[in-house]
Structures are given as structure tokens and as C-alpha cells.
Amino acid sequence: RDRPWIAAVLLMAMTQLLLVIPACSVLLPVLVKSTGSATASYGYVLALGAVGGLIGAVVAGHVRPRLPGLVANLTVMLFVLEPLMLLLNAPPWALVLGWFLSSFGLGPFLVYWETALQRDIPPELLARVISIDWMCSFALMPLGLALVGPAVGAFGRTTVLVVAVVAAAVPPLLCLPVPGMLRFRTPTASSDELAPGRS
């Protein structure tokens, strides 16, 4: 209640790990298999996606934006590329590029988010808050993985991926007006979000 920006991020994570990551995890190998050379292509997509995340995290570690929450929420929107590439039946090279860029965008989000929690949460509560963070973030992912197949069967692959695209793109934008979100810090005054020069 005191830190609504944290609650907003947790809701965003729960939404995306229910509707986006499971859909991409299940449907990526299906699309890659249909393009041929499944083993090599699938490996390249995942490996270069991981490289993108590593580069994004390293870049974020050397850049300190004035509004880290704004930067984090905008870069994490690159995650929309994964379901979008699947929706467009993209060729392997485009899948690799999409996974690379989406992971690159996730890197800064994770760096600024974890740093913000350690800065904003009292030390005696930090372990509890991080536990809640991980629990909320991943609680619905197994359900999402279990429902992808039935959802595709009931509503079609296109519908499932359109929902995933919306779930990847919209929640970060909805989070931006939440107090404390732009700076990833609980405001100490009503003008904190707009005050120039604050760090």
C-alpha cells in the first residue's frame, strides 16, 4: 500500500508470465520446427536471446538514467517482439533478432528494478519483499504453460498470440502513471515525480 509502484510491477509481471512467456515458450519450437533445421534454429534463437539479455544488463549497469522506472518500462516493451515474430510467422533470422532485442530490453528492467528494491525497501524487510516479488512473478507461469495448448485449440494460435502481444505492450504503459514508477522510488512528496534534479 505504501509503495504502489512495486505492486504495479508485480501485477505486470504476473500478467506477462501468465499470457506472454508461456505462449512464446510453447509456440516458438512449433514455428521453428515448421521452418526446418529445428534443432539448430531453436538453439540459435535461445542462445542469442540470452546474449541480448547479458548485453542489456551490462549496458544498464553503466548507465544511470534520471528516471530509471521510465527507462525500464519502455525497454521492457521490446518484449512484444517475441509474440509479434511468432504471430507474423517470421523466418529464423527474424526470430533470432526478435529474441535478442526483447532480452536486451529485459536486461535494463531487471537491473533497475532489483537496484530500486534494495534502495527503497528497509533492510529488515528486503528479503521478505524479494520473496514476494519472485512468488508473484512466477506464481501463474505454470498455469499459463498448461493452458497454452488448450487455448490454441479453443481460440486459435492467432488469438493466443494477439493476446500475448497486447499483454506485452500495454501493462508497462499502464504502470507509468503510478506514483513512484518513473523513478522506481517511493515519492516523499507529491511533487517528487516532477521535481528536476532529484536523484
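These are my notebook entries on a predicted model, kept in the order in which I looked things up.

Confidence. I began with pLDDT, which averages 88 over the protein, with 91% of the residues scoring at least 70. For residues 189-199 I found that pLDDT stays under 50, and that the model has 21 contacts beyond four places in sequence for this stretch.

Surface patch. I then looked up a nonpolar patch on the surface, formed by Tyr44, Leu48, Val51, Ile55, Val59 and Val63, and noted about 490 Å² of accessible area for these residues together. Val63 sits in the loop between helix 3 (38-62) and helix 4 (68-75), and I recorded Val63 as partly exposed because its relative accessibility is 41%.

Helix 9. I checked the length of this helix, residues 157-175: its 19 residues should span 27 Å at 1.5 Å a residue, and the end C-alpha atoms lie 28 Å apart, so the two values agree. Among the buried residues of helix 9 I listed Val160, Leu161, Ala164, Val165 and Ala168, and also Pro171, Pro172 and Cys175.

Asn89 belongs to the loop between helix 5 (81-87) and helix 6 (92-120), and its relative accessibility of 46% makes it partly exposed.

Technical notes
Residues are numbered from 1 along each chain as its sequence is written. This is a predicted model: local features need pLDDT of at least 70, side-chain atom pairs count only at pLDDT 80 or more; totals for chains, interfaces and linings use all residues. Side-chain values use heavy atoms; hydrogens and water are left out. Patches are made of residues with over 30% relative accessible area and no salt bridge: like charges are joined within 9 Å, nonpolar side chains (Val, Leu, Ile, Met, Phe, Trp, Tyr) within 5 Å. Accessible areas come from the Shrake-Rupley method with a 1.4 Å probe; for residues, only the protein chains shown count as cover. A salt bridge is a side-chain nitrogen of Lys or Arg within 4 Å of a carboxyl oxygen of Asp or Glu. Helices (H or I, at least four residues) and strands (E, at least two) are DSSP runs, numbered from the N terminus. Buried means under 20% relative accessible area, exposed over 50%, partly exposed in between (1.4 Å probe, protein chains only). The expected span of a helix is 1.5 Å times one less than its number of residues. pLDDT is the predictor's confidence in each residue, from 0 to 100. Contact means heavy atoms within 4.5 Å.
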